[in-house]
Amino acid sequence: MSEARMRLLSTATGLFYAEGIHAVGVDRVIAEAQVTRATLYRHFPSKDDLTVAYLTAADDSMRARLEAARAAKPTPDDVIRAVAEDIAGDIKSKGFRGCAFLNAAAEYPDPNHPVHQAVLKHRGWFLTTMTELFTATEKPDPEPAARHFVMLRDGAMTAGCLTDPDPICETFQRGVDGLLKYRSRS
């Protein structure tokens, strides 16, 4: 990746996440990345392309972090807990503004828009991955447990930017522990 492309993506990532995608124009990204308009459009033909690249980078980061947890933890339960701890760490981080994907979906509600499609692709991968992890625990109801995990995550990501994140994260992690301990077919 060229230095200019990295600067553009890094600048857009910081601005889009902190202020919102629609609130940040390409002129601001160009100015803060210290590139020309031609450079922006050579790397990203449209703001939508830049936005999809921002979400793709966030998706790549989350995939790498999940794979690191898989490599470091001995059991599926431990991996699931590590994923929850990683999410809680994000929620407690400085400048946390919620889930980049949920924020983008709110700004791009058209399900056919490329930005919304990038959100759906990420969320599909995340749900599939969590379903695989819950299946590997060999406990009943892995699919509902995975959906429940994603819903707990979504709620924690939303609430964590509105109030004190500590009790939010504690509640989220207790919910995940409950999913790992108390599952049964109904």
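A residue is called buried if its relative accessible area is under 20%, exposed if over 50%, and partly exposed in between, with a 1.4 Å probe and protein chains only. This is a predicted model, in which local features need pLDDT of at least 70 and side-chain atom pairs count only at pLDDT 80 or more, while totals for chains, interfaces and linings use all residues. Residues are numbered from 1 along each chain as its sequence is written, and side-chain values use heavy atoms, with hydrogens and water left out.

**Stop 1: helix H8**

Select residues 142-159, which make up helix H8. Helices here are DSSP runs of H or I with at least four residues, strands are runs of E with at least two, and both are numbered from the N terminus. H8 has 18 residues and spans 25 Å from its first C-alpha to its last, close to the 26 Å expected at 1.5 Å a residue. That expected span is 1.5 Å times one less than the number of residues.

Now colour the buried residues of H8: Pro142, Ala145, Ala146, Phe149, Val150, Arg153, Asp154, Ala156 and Met157. An α-helix has 3.6 residues a turn, so residues three or four places apart point the same way. Show helices H4 (47-72), H5 (76-91), H6 (100-107), H7 (114-136) and H9 (165-181), which are included in what covers these buried residues; contact here means heavy atoms within 4.5 Å.

**Stop 2: the rings**

Rings of Phe, Tyr and Trp (its six-membered ring) pair if their centres lie within 6.5 Å; planes under 30 degrees apart count as stacked, over 60 as edge-to-face and the rest as tilted. By this rule there are five aromatic pairs. Select tryptophan 125 and phenylalanine 126, a tilted pair with 6.0 Å centre to centre and 50 degrees between the planes. Both tryptophan 125 and phenylalanine 126 are buried.

Ring pairs join Trp125, Phe126, Phe134, Phe149 and Phe172 into a cluster.

Next, show arginine 153, which lies over the face of phenylalanine 126 at 5.7 Å from the ring centre.

**Stop 3: two loops**

Most residues other than glycine have a negative phi. Aspartate 141, in the loop between H7 and H8, has a positive phi of about 60 degrees. Glutamine 34, in the loop between helix H2 (26-33) and helix H3 (37-43), has a positive phi of about 55 degrees.

Methods: A charge sits over a ring if NZ of Lys or CZ of Arg is within 6 Å of the ring centre and within 35 degrees of the ring normal.
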